[in-house]
Amino acid sequence: MENNFTMQELLDMQEKELSKINVGEEITGKIEQISKDELILKLEVGFDGVIPASELNLEKGQVISDVYKIDDEVTGIITNISYKDATIKISKLKLEQQADLKELIDAMENRTIINVHSFKALDRGLYVKYKSYTMFMPISQIDTKFVKDTSVYVGQDLDCYVKEVNPRKNRIIVSHREVAQEILDKERKEKREQIKAEREAERARIKAEREQAKAEREALFESLVVGEKRSGRVTNIMPYGAFIDLGGIEGLAHINNISWDRIESVESVLSVDDQVDVFIQSIDPETKRIALALKDPNKDPWKLIADEVQLYSVVEAEVLRIIDKGAFVEVKPGIEAYLPIGELSEARINKVEDVVNIGDRIKAAIIKFNPETKRMMLSIRELTREPEEDLSQYMSVGDDTIGNIGDVLKEKSESSIEE
């Protein structure tokens, strides 16, 4: 049975089918034709769909055939239904804008970053593109630094925060400055943390080195033995002596312990950084002080001269200094003796210079000598004194007493008279 419908019936049927389709709905179809200005889609509902080029969201410079091919499926939003020619106008751009708008709103509410492309410069800002939307970036929101020329940013892809979305006013504002500021703040924070970490690491390293050095110094201090010989380096010179590094700890060599000879100053013998051999004189565990000597104890001139002279030995000496009560003389290098004014002559002396002067070479007898305390006293008078007469022949031993010198001298005198 053939279905013979009148034209009116066919139009009524077509209108009925079209009435089932609503503007704003999504619809999908396959591309049947591609022209310069539009795409023709074959829709499942039995009608043709038309998508103008302006509703395809093409990039600048693109044409429809660059992007779409026959039989490609395309989905869009129904924007208009024409009952007259039974065509459905579709917008792919509006469908994308719906999804993109949701992304923009979510990005604004959740403060997430989007990437936009700058394509046009104005004096007051930039026009930027995000997918299907064109947005505005005010000049104050372009960068953290002052922006004088917005054109230098054209063509750049910029990370932004969405500041405002108002579809009714077609107003969307974005900011790159806030993202750049956060990056700058993050970099500064990371730099500060890095510097802090480096400083802490450096402090830890220095502390470890100090602790190790302290342990080494303590071990070195504990290893020192009084009397032993060590090598060291002169680190500092003072009027009273020299500080010497023994390899991590310092000791003091007093000026009196630098040489067995008399020296005028420490600098005349030592210089900073001199390498020297020293002897440990004393160690104070409480104060950690170490007394050193450059004088070799085995070459102590007082010990050596003790083997050469004794009391009443006659020695030669040079007058070094004169005081009111006597003179100091040098017997040998490192050996000084005292010559009292009363030991200069049998006669009464008013001034030391009446007998000796600085630089004079003299002969004198040792009348006091103690090598342990390094003391020696000399006498010139002892050499010129008349030898005492031996009176022992006049002494006799009695039953109870020997008698006294006075008695003996008296008897000798009487005997001389009688003769």
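This is a predicted model: local features need pLDDT of at least 70, side-chain atom pairs count only at pLDDT 80 or more; totals for chains, interfaces and linings use all residues.

User: Where does Thr-87 lie, and is Thr-87 buried or exposed?
Analyst: Thr-87 lies in strand S5. Thr-87 counts as buried because its relative accessible area is 16%, which falls under the 20% cut-off.

User: OK, let's zoom out. How many helices and strands does the chain have?
Analyst: There are seven helices and 20 strands in the chain. The chain has 419 residues, and buried residues make up 32% of them.

User: What share of the contacts with a separation of 6 or more is between residues 24 or more positions apart?
Analyst: That share is 56%.

User: Back to S5, then. What do S5 and the other strands of its sheet close into?
Analyst: A barrel of five strands, in the order S1-S2-S3-S5-S4, with mixed pairing. On average, neighbouring strands of this sheet are turned by 50° against each other, direction ignored. Helix H3, residues 92–110, packs on the sheet and touches S1, S3, S4 and S5. The direction of H3 makes about 110° with that of S4.

User: How do S1 and S2 pair?
Analyst: S1 (residues 26–34) and S2 (residues 38–43) are antiparallel, with five bridges between them. Ile-34 has Leu-39 in S2 as its bridge partner, and Lys-30 is bridged to Lys-42 in S2. A hairpin of three residues links S1 to S2.

User: And what joins S2 to S3?
Analyst: Five bridges, and S2 and S3 run antiparallel. Lys-42 turns up here too, with Asp-48 in S3 as its bridge partner. That is the Asp-48 in the list of residues that Thr-87 touches. S2 and S3 also form a hairpin with four residues between the strands, where Gly-46 takes a positive phi near 95°.

User: What actually holds strands of a sheet together, in general?
Analyst: Strands of a sheet pair through backbone hydrogen bonds, and they can be parallel or antiparallel.

User: Which strands make up the barrel that includes S11?
Analyst: That barrel has five strands in the order S11-S12-S13-S15-S14, and the pairing is mixed. Its neighbouring strands are turned by 50° against each other on average, ignoring direction. S11 (residues 229–238) and S14 (residues 275–284) run antiparallel and are joined by five bridges. For Arg-230, the bridge partner in S14 is Val-278.

User: Changing topic: how are S7 and S8 paired?
Analyst: S7, residues 125–130, is antiparallel to S8, with six bridges between them. Tyr-130 is bridged to Tyr-133 in S8. The two strands form a hairpin with two residues between them, and Lys-131 in the turn has a positive phi of about 55°.

User: Why is S8 described as largely enclosed by the rest of the structure?
Analyst: Because five of the six residues of S8 are buried.

User: Where does Ile-139 lie?
Analyst: Ile-139 lies in the loop between S8 (133–138) and S9 (157–166). With a relative accessible area of 29%, Ile-139 is partly exposed.

User: Which residues is Ile-139 in contact with, leaving aside neighbours within four places in sequence?
Analyst: Those are Asp-123, Arg-124, Gly-125, Val-147 and Thr-150. As for Asp-149, it is 10 residues from Ile-139 along the chain, and their C-alpha atoms are separated by 9.3 Å.

User: Last topic: how much space lies in the largest pocket?
Analyst: About 620 Å³. The largest pocket is lined by 25 residues, and Trp-260, Arg-262, Trp-302, Gly-334 and Glu-336 lie nearest its centre.

User: Which elements give two or more residues to that lining?
Analyst: S17 (326–332), S18 (335–340), S19 (361–370) and S20 (375–379) do. S18 provides the largest share, with four residues.

User: What's the lining like by class?
Analyst: The lining has 11 nonpolar, four polar and 10 charged residues.

Definitions and conventions
Residues are numbered from 1 along each chain as its sequence is written. Side-chain values use heavy atoms; hydrogens and water are left out. Two strands pair if DSSP finds at least two bridges between them. Axes are lines fitted to C-alpha atoms, for helices over the stretch in contact, and angles run from 0 to 180 degrees between N-to-C directions. Contact means heavy atoms within 4.5 Å. On a 1 Å grid over the protein atoms alone, a cavity is a set of points where a 1.4 Å probe fits but cannot get out, and a pocket is an open set with protein on both sides within 12 Å along at least five of seven lines; lining residues have an atom within 4 Å of a point. Grid points are joined across faces, edges and corners, and a volume is the space filled by probe spheres set on the points. Ala, Val, Leu, Ile, Met, Phe, Trp, Tyr, Cys and Pro count as nonpolar, Asp, Glu, Lys and Arg as charged, and the others, Gly among them, as polar. Buried means under 20% relative accessible area, exposed over 50%, partly exposed in between (1.4 Å probe, protein chains only).
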